[in-house]
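Hi everyone, thanks for coming. Please have a look at the model on the screen, and then I'll walk you through it.

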Amino acid sequence: MTLKQTPLHDLHLSLGAKMVPFAGYQMPVQYPLGVLKEHLHTRARAGLFDVSHMGQVRLVGKGAAMALETLVPVDIVDLPVGMQRYALFTNEQGGILDDLMVANAGDHLFLVVNAGCKEQDLVHLQQLQDQCEVISLFDTHALLALQGPLAAQVLARLVPSVAQMTFMQFAAVEIRGIACHVSRSGYTGEDGYEISVPVEHADTLARLLLDQPEVAPIGLGARDSLRLEAGLCLYGHDMDSAVTPIEASLGWAISKARREGGVRAGGFPGYQQVFAQQREGAYRKRVGLMPLDRVPVREGVELFREDGELIGKVTSGGFGPSFGGPLAMGFVAAPYAVLDTVVYAQVRGKAIPMRVSRTPFVPQRYYRG
């Protein structure tokens, strides 16, 4: 299969990036700084991520909000102009087809979906065509993420108004004459912004941001360790079409208005199953896991009770540079999802004790004003 390239491909090569296949694209996994230092730089200063492999979509028309509510368990109708919300596409069994961000841009809804799911998501959205216009921005817009405690300082130097934005706000701005859409959000647990920019201006904008003394380019390796420390799910790993929002510990993402007894309860695919799990509980839950022997426990490792009974599986795992040790997330049978429960991972023939832990492992630092 021929891998696609983002509009910043040549820039990555010029910066000495190590490129790897990811979601059908050639993507930078790290730069000469290395994953550990890139991670710590993002936590301390500001990192620039190319996330142009993600899918961007516009829904246009008066019926767009109500139409989208037929596909997600989220309150879109009452989403204020200039705000963004986390959402989930569900299937008829209540499983998660993808997770996404939805922003109300005033004259349209703006969606960002996962790279590996974007083609199927676009097909999924086409069923709304009789209620709103579905416009793919896959080939016309790039997406940059500027993340870290100094991200606001950096971007406000170029666009002073972004300093007034708070977490999950969304705005159309001009950055040195380039028309962009900016949200104050990200996937690292840090303060920061995601910037949608026309592909023809992506390289110019990326270089402008990298010219700022606080900013370094950051690859997929550090992006993964940052999101794991922040306790954030990765689609296809910590959730998929066989996992419900309740099992994935994402019940908070089901808006009050859409829950059982809400003003617009249900109406999304699989809502009966989701409501049943909200009432009765799920048989398994996603939890944070902290290895007690300081041994990294990777995705796919099975989890057991002390007596050897299989009770779950690790879905994300590795070393947390800011946390200062190994950490993981995974699914365990509900009785073992209680905080501080000790379960065991089988790593190279040895039983590694892991404690069920709260997430995030590192405090999130979103700017809420």
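I'll go through the sheets, then a helix and its salt bridges, and finish with a loop and a surface patch.

First, some housekeeping. This is a predicted model, so keep in mind that local features need pLDDT of at least 70 and side-chain atom pairs count only at pLDDT 80 or more, while totals for chains, interfaces and linings use all residues. Residues are numbered from 1 along each chain as its sequence is written, and side-chain values use heavy atoms, with hydrogens and water left out.

Let's start with the barrel. Six strands close up in the order 15-18-17-16-19-20, with antiparallel pairing. From one strand to the next, the twist averages 45 degrees. When I say strand or helix, I mean a DSSP run, numbered from the N terminus, with at least two residues (E) for a strand and at least four (H or I) for a helix. Two strands pair if DSSP finds at least two bridges between them. Angles run from 0 to 180 degrees between N-to-C directions, using axes fitted to C-alpha atoms, for helices over the stretch in contact.

Now for some of the pairs. Strand 15 (residues 284–291) is joined to the antiparallel strand 18 (residues 325–333) by six bridges, and Leu289 has Ala328 in strand 18 as its bridge partner. Helix 7 (residues 220–229) packs on this sheet, touching strand 17 (310–320) and strand 18, and its direction makes about 120 degrees with that of strand 17. Contact here means heavy atoms within 4.5 Å. Strand 19 (residues 342–347) pairs with strand 20 (residues 350–357) over six bridges, again antiparallel. Their hairpin has two residues between the strands, and Arg348 there takes a positive phi near 50 degrees.

Five strands run 6-7-8-5-9, with antiparallel pairing. Which strands sit at the edges? They are strand 6 (84–90) and strand 9 (133–136), each of which pairs on one side only. Strand 6 meets strand 7 (residues 96–104) through seven bridges, and Tyr86 has Met101 in strand 7 as its bridge partner. Helix 4 (residues 118–125) packs on the sheet, touching strands 5, 6, 7, 8 and 9, and its direction makes about 10 degrees with that of strand 5. Strand 6 is mostly covered, with six of its seven residues buried. Buried means under 20% relative accessible area, exposed means over 50%, and partly exposed is in between, for a 1.4 Å probe and protein chains only.

Next, helix 2 (residues 35–44). Its buried residues are Glu38, His39, His41, Thr42 and Arg43. What covers them includes strand 3 (25–30), strand 10 (141–147) and helix 7.

What does Arg43 pair with, at 2.9 Å between the closest N and O atoms? The partner is Glu229, in a salt bridge, which is defined as a side-chain nitrogen of Lys or Arg within 4 Å of a carboxyl oxygen of Asp or Glu. This pair links helix 2 to helix 7, with Arg43 and Glu229 186 residues apart. Arg43 also forms a salt bridge with Glu190, where the closest N and O atoms are 3.1 Å apart. Arg43 counts as buried because its relative accessible area is 9%, and Glu229 does because its value is 0%.

In total, the structure holds 18 salt bridges. Another one joins the side chains of Arg264 and Glu69, at 2.8 Å from N to O. Arg264 lies in the loop between helix 7 and helix 8, and Glu69 in the loop between helix 3 (64–68) and strand 6, so the pair ties together parts 195 residues apart in sequence. Glu69, Asp75, Asp78, Arg258 and Arg264 are linked in a network of salt bridges.

Ala265 is also in the loop between helix 7 and helix 8 (271–280). Is Ala265 buried or partly exposed? Partly exposed, because its relative accessibility is 38%. The C-alpha atoms of Ala265 and Pro73 are separated by 8.7 Å, although the two residues are 192 apart along the chain.

Last stop, the surface. Leu36, Leu40 and Phe319 form a nonpolar patch with about 270 Å² of accessible area together. Such patches take residues with over 30% relative accessible area and no salt bridge, joining like charges within 9 Å and nonpolar side chains (Val, Leu, Ile, Met, Phe, Trp, Tyr) within 5 Å. The areas come from the Shrake-Rupley method with a 1.4 Å probe, and for residues only the protein chains shown count as cover. Phe319 is found in strand 17.

Thanks, that's my tour!
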